[in-house]
Structures are given as C-alpha cells and as structure tokens.
Amino acid sequence: MIICGIEIKAKQAILVVLKDKDFCEIKVKKIDLENDEEQLSIREFCNDFLVFLKENQIEKIFIKKRAKKGTFSGGAVTFKIEALIQLNPQTSVELVSSQKINSFEKKNEILFPKELKKYQEQAYLTALCSDI
C-alpha cells in the first residue's frame, strides 16, 4: 500500500511517501499555502495537492495531529490546511497523535533513510507508525 505521512507547519504541508513501509523518493517534498486569505491561493494549494496524490498513487494519508489549545497549539492556517487535505476526494485521511508517534519511536529503533531531509522526519514517523 502506498501511504503519505504529513506534518503541517506554518503554511506548508511536509510530505513523505512510503510503499509497503519503505521510503520512496519524491519530487515534491512540501506544498505551501501562499496566502490563506486569497481564494486563488487556496485553490492552487488544493490543485497541487490533488496532482501530488495522483502522481504518487497515494492510497491513504496520515497527518500528525496538532494541539488545538495550549502552548504548543497549531495556528489557524495549519487547521485550514488540514481541512483542505481532508476534503480531497481521492483518498481517506487519518490523524495520528504525537503520543502515538513518540511511543512508536521509543519502542522501535528508527533508521532514517539517508535521502530523507531533516524537516521530513516527523512526517516520516507519522507514516511509519500507521497501522497499515
């Protein structure tokens, strides 16, 4: 199964693709939402994301959950990006908690692929700890 792990930070979705739990090198590693108040920019983000899903034949998406309140809460734009991803008509989306990711990381010896960029590590762990 081909899955996509996503970490949403600020105005971007950071992407990692795994095929049967193996890392896949991809051209598009992140998709930015340039201006969250402009309809054209939002449509561009959606279109870019749908093209990404189709090109990489993604069967399921896993997004790292962000806190809704408190010190480490996600910004409003991150939740807007999450909603746009969840509305995609091509594949299902599941949210993965930070606690689940941390627990998985403690129980398993994680070897990050050398092709993986440092900023993609959380997206990689999100996909890796999925129940697929």
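**Salt bridges and a buried cysteine**

E25 is partly exposed, at 48% relative accessibility (buried means under 20% relative accessible area, exposed over 50%, partly exposed in between, with a 1.4 Å probe and protein chains only). The model is predicted: local features need pLDDT of at least 70, side-chain atom pairs count only at pLDDT 80 or more, and totals for chains, interfaces and linings use all residues. Residues are numbered from 1 along each chain as its sequence is written, and side-chain values use heavy atoms, with hydrogens and water left out.

The side chain of E25 forms a salt bridge with that of K29, at 2.7 Å from N to O. A salt bridge is a side-chain nitrogen of Lys or Arg within 4 Å of a carboxyl oxygen of Asp or Glu. K29 is buried, at 15% relative accessible area. The structure holds five salt bridges.

E82 and R66 form another of these pairs, with an N to O distance of 2.8 Å. This pair links distant parts of the chain, 16 residues apart: E82 lies in helix α2 (residues 76-86), R66 in the loop between β5 (60-64) and α2. Helices (H or I, at least four residues) and strands (E, at least two) are DSSP runs, numbered from the N terminus. E82 is buried at 11% relative accessibility. R66 is buried too, at 15%.

K118 pairs with E121, the closest N and O atoms being 3.4 Å apart. K118 is exposed, with a relative accessible area of 66%.

C4 lies in strand β1 (residues 2-9). Its relative accessible area is 0%, so C4 counts as buried. Leaving aside residues up to four places away in sequence, C4 contacts (heavy atoms within 4.5 Å) L15, V16, F52, I58, K60, I61, F62 and A127. C4 and Q57 are 53 residues apart in sequence, with C-alpha atoms 9.8 Å apart in space.
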